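Below are my comments on the model you sent. They are grouped by topic and can be checked against the coordinates.

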Amino acid sequence: LDALLCGEDAHTRIAALLGEVHRVTKPGGRYAVLSHGAPASRVPLLSAAGWASVTVAEVPKPPLEGFKEVAAAAPCYWLFVATKAGGGGV
């Protein structure tokens, strides 16, 4: 998902990707995305594809020895789990 955001016609390609993933996911199924992007920029993309719910969790970045951290870099990654409607059971 993040890689597609760097290319041309990003939103059209992402809509196609997420629409196809949604189509082939069984009712009640889940799609997980690990991203550098914050929820404010990723949740709307997932929601627009028709997922019934999107949950978000922070995943702390491990320290990298010998590398200087970029000041603007977020201290975490983001895990998004989109769930398709239906399914009824666990």
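1. The model is predicted, and the local features discussed here were taken at pLDDT of at least 70. V21 is found in helix α2, which covers residues 10–24. With a relative accessibility of 17%, V21 counts as buried because that value is under 20%. Leaving aside residues up to four places away in sequence, V21 is in contact with Y31 and W51. Between V21 and A3 there are 18 residues in sequence and 16 Å in space, C-alpha to C-alpha.

2. Nonpolar core. The largest nonpolar core has 13 residues, and L18, Y31, L46 and W51 are the ones that touch the most other members. At least two residues of this core come from each of α2, β1 (30–35), α3 and β3 (76–83). Strand β3 gives the largest share, four residues. In soluble globular proteins, nonpolar side chains tend to be buried together.

3. L18. Which residues does L18 touch, not counting those up to four places away in sequence? They are L1, Y31, L45, L46, A49 and W51. Two of these, Y31 and W51, are also contacts of V21.

4. The aromatic pair. One aromatic pair is present in the structure. The ring centres of Y31 and W51 are 6.0 Å apart and the planes are at 15 degrees, so the pair is stacked. The partners come from distant parts of the chain: Y31 is in strand β1, W51 is in the loop between α3 and β2 (53–60), and 20 residues separate them.

5. Lysine over a ring. K61 is placed over the face of Y77, with a distance of 5.2 Å from the ring centre.

6. S47 and L18 are 29 residues apart in sequence, and their C-alpha atoms are 9.7 Å apart.

7. Cysteines. How many disulfides are there? The count is zero. The sulfur of C6 has its closest cysteine sulfur in C76, at 18 Å, which is too far for a bond because the cut-off for a disulfide is 2.5 Å. C76 is accordingly in no disulfide either, the nearest cysteine sulfur being that of C6. In accessibility, C6 is exposed, with a relative accessible area of 72%, whereas C76 counts as buried at 5%.

8. Backbone at D9. Phi of D9 is near 55 degrees, a positive value in a residue other than glycine. Most residues other than glycine have a negative phi. D9 is located in the loop between α1 (2–5) and α2. I would list D9 by name in the text, with the phi value near 55 degrees.

Terms used: Residues numbered from 1 in each chain as written. Predicted model: local features only at pLDDT ≥ 70, side-chain atom pairs only at ≥ 80, totals over all residues. Heavy atoms only, no water. Buried < 20%, exposed > 50% of the residue type's maximum accessible area, 1.4 Å probe, protein only. Contact = heavy atoms within 4.5 Å. Core = buried A, V, L, I, M, F, W, Y, C linked by side-chain atoms within 4.5 Å. Phe/Tyr/Trp six-rings, centres within 6.5 Å; stacked < 30°, edge-to-face > 60°. Lys NZ or Arg CZ within 6 Å of the ring centre and 35° of its normal.
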